[in-house]
Amino acid sequence: MLTKFETKSNRVKGLSFHPKRPWILASLHSGVVQLWDYRMGTLIDRFDEHDGPVRGVHFHPSQPLFVSGGDDYKIKVWNYKQRRCLFTLLGHLDYIRTVQFHHEYPWIVSASDDQTIRIWNWQSRNCIAVLTGHNHYVMCAQFHPKEDLVASASLDQTVRVWDIAALRKKTVAPGAGGGDDMRGPGGGRMNTDLFGGGDAIVKYVLEGHDRGVNWASFHPSLPLIVKRRGRPPDTKAWEVDTLRGHVNNVSCVIFHPKQTSLAYVTAATHGLVEEAERLGEQLGELRPAVDTAHARLLSPPTPIMREDNWPLLTVSKGFFETLATKDSERAKGAPGAAAAAAAAAMEELDLGDVGAGWGEEDLGGIGGGGEGEEGEEGFADMEGGEEGGEGGWEMEDLEIPADVAAEVASSAAAGEAAQFVAPTPGVSAVNRWQTKCSLAAEQAAAGAFDTAMRLLTRQAGIVNFEPLKPYFLEVYQGSQGVLPGLPGLPSLVTALDRSWSSDAAKQEPTAPALVYSLGQLEEQLKKAYRTVTEGKFSEALRLFNAILHVIPLLVVGSRKEADEDYNIALRIELKRREIRDDPGRTAELAAYFTHCNLQRVHLALSLRSAMSIFFKLKQLNTCATFCRRLLELQPDEKMAAQARQVLAACEKSPTDAEALNYDPRNPFDICSLTFTPIYRGNKFVEDPYTKARFQPECEGQLSPVGDISKIGLDASGLVSSPTQLR
């Protein structure tokens, strides 16, 4: 073993080496894809968008891409340089076991528990072939490294070798269009799901295992296939060309009697005469009657949800763009169309009553047009008036500069020829936040609540998000600025970026603005402390819980631990007040209260309370320890005088009336669920968020310290500072 990587996940489901760099992809059962540098042994990046285990992953041989497939029935293509998912391919109906890029063509092959293998064109984002034939889960599918073959392994105890030469020929043929032929009926083409498609056919069926086959792989140079079954491990190598070993004739499997009648009906209804006759001869008297009048082609559904992968920007043309388009269409019409339009306009204006006094002088060549040009005969009678008449139209020659005339002419020509181009849609600030930000608080502010919750579960073991819901909503609303619009128009919403500066001319969004800050929490903490001093323990507990709920949605410059001691101390005190009828248990809880990490004034108050309770119960030996600890804090004179008097009385008879579950000399933590001490050296389980300790039997329960995390859940630690990601 050269190196070992460990991560907090139940299982690693898939691996893929980078073709050039010392990188390896690991797809995990937790739904995360991790990118490791196996020479340095460091985690480079992580990709988390799948819902459920990710079973297959594969690097592209030349581009900065990788593909992943998981139990959410989704195939995702990622760009690891941009650190985001480019698009999602949908079509499989069950778990996806493996995915792989083709070494030459823009293809992806995927194997699924829906008993099919699919080949996708990841450039056009279409499914170009569906390979059917297995009758159990397809555990693996791989391209041959050189030839037009695909090998698949299934739990039906077989390995199938598929010939995809026809698919390659159709893809590289001129005008093939990438082989996307699964959208329409395709003339008389046979149904792809029933026959496996004409572009991918079964070449060999390899049998021999008495259990399901989990994996099959081509040899890189020899005509061999290695396949592996499950428990107990068993591996076989097969020579494809000669089909040696436990292999039967492939044709006997293709024309199984149970499938021949179905094949005959399909061929007959789709116009495949020769195929139908051949299958009919095999059926003989069992040939079924076919009603071709009501037959129709069965096509698989479109496997891509375009509304998710291709967001469109709707842009409407304005008034002047519409006029320009209409003028351009008229100019491209048949000869004489402009003259006909002008004549129609003249008729609508009804110029019959216009007098001769307007004149009809020549414009001096402006606007062009020569004698005899088609389409301008309507203006022939306007070029001059009768001799001796009045001044006509009185239009003198205008001396237009040559450069101005040329500029106007070129602008008019460009306006007619140019097509309307919609503006390029940009990436919104919210999308940039979701792509670039890695903290849970930032994902919540960007509206990606599901991503934020997954991060908090993985980092802090938080599973109960109901108490966090109002804080999630506040964080999201605080990252958006709203400007009311005019009456009848929607409001304008803009994203508020945390790094925005008025001095910068242009800047890209980097991180959302957050409504919670460390200063606000410190003020809230001071208020909670004052409430404790006033003895309002229920209100203080509510305030401390609110602080614990806000901390996961806080971004600070450096890491600070959540202080859970006050939560535990207040719950101990409230529990003590509930069981006043049990003096012994009341004394134990009062003693535990004094061992919480409290402020000096609050510790003094807790020691005075414990001193009074133990003195009344004649626990004089233990009471003396509280007196000494109280005097060490140097309280005010009144409290110190009382402690000295009690200490003097206890030292006269240093005995305890009864044995309690409390040893002041042995350090311990307090279980906040059972309210019992966990002495040093004893086993315990932790709250992954607050690090509060509990008795082992509390594992799996919801932690009462904040009521949001699960006791004993594995977690990597809360990330609330960008410095923790470096």
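Q: Before the repeats, how are UniProt positions given here?
A: UniProt positions are given in the numbering used here, feature names are shortened, and annotations may be inferred rather than shown by experiment. This is a predicted model, in which local features need pLDDT of at least 70 and side-chain atom pairs count only at pLDDT 80 or more, while totals for chains, interfaces and linings use all residues. Residues are numbered from 1 along each chain as its sequence is written, and side-chain values use heavy atoms, with hydrogens and water left out.

Q: Which residues does UniProt list for "repeat: WD"?
A: The unreviewed UniProt entry lists residues 5-46, 47-88, 89-130 and 131-164 under that name. In the model, the span 131-164 is 0% helix and 59% strand, with its end C-alpha atoms 10 Å apart; helices (H or I, at least four residues) and strands (E, at least two) are DSSP runs, numbered from the N terminus.

Q: Is β2 buried or exposed?
A: Strand β2, residues 23-28, is mostly covered, since 6 of its 6 residues are buried, where buried means under 20% relative accessible area, exposed over 50% and partly exposed in between, with a 1.4 Å probe and protein chains only. In a regular strand the side chains alternate between the two faces of the sheet. In β2 both faces are covered, with W23, L25 and S27 buried on one side and I24, A26 and L28 buried on the other.

Q: And which way does β1 run against β2?
A: Strand β1 (residues 12-17) and β2 run antiparallel and are joined by 5 bridges, two strands being counted as a pair if DSSP finds at least two bridges between them. They form a hairpin with 5 residues between them, and L15 has A26 of β2 as its bridge partner.

Q: What about β3, how many bridges join β2 to it?
A: There are 5 bridges between β2 and strand β3 (residues 33-37), and these strands run antiparallel. S27 stands opposite V33 in β3, and in the hairpin of β2 and β3, with 4 residues between the strands, G31 takes a positive phi near 95°.

Q: Switching topic, where does the largest nonpolar core lie?
A: That core has 85 residues, and those with the most contacts inside it include L456, F544 and F694; a nonpolar core is a set of buried Ala, Val, Leu, Ile, Met, Phe, Trp, Tyr and Cys residues joined through side-chain atoms within 4.5 Å. Helix α15 (residues 537-550) gives the most to this core, with 9 residues. Domain 3 (429-499 + 508-515) and domain 4 (519-724) both give residues to the core, so it lies between them, the domain bounds coming from an automatic or database domain assignment.

Q: Which residues does F544 touch?
A: Not counting residues up to four places away in sequence, F544 touches L525, A528, Y529, V532, Y566 and L570, contact meaning heavy atoms within 4.5 Å.

Q: How many salt bridges are there?
A: The count comes to 21 salt bridges, each being a side-chain nitrogen of Lys or Arg within 4 Å of a carboxyl oxygen of Asp or Glu. In one of them R454 pairs with D51, the closest N and O atoms being 3.5 Å apart. R454 lies in helix α12 (residues 449-460) and D51 in the loop between β4 (42-47) and β5 (54-59), so the pair ties together parts that are 403 residues apart in sequence.

Q: How exposed is D51?
A: D51 is partly exposed, with a relative accessible area of 45%, and R454 is also partly exposed, at 21%.
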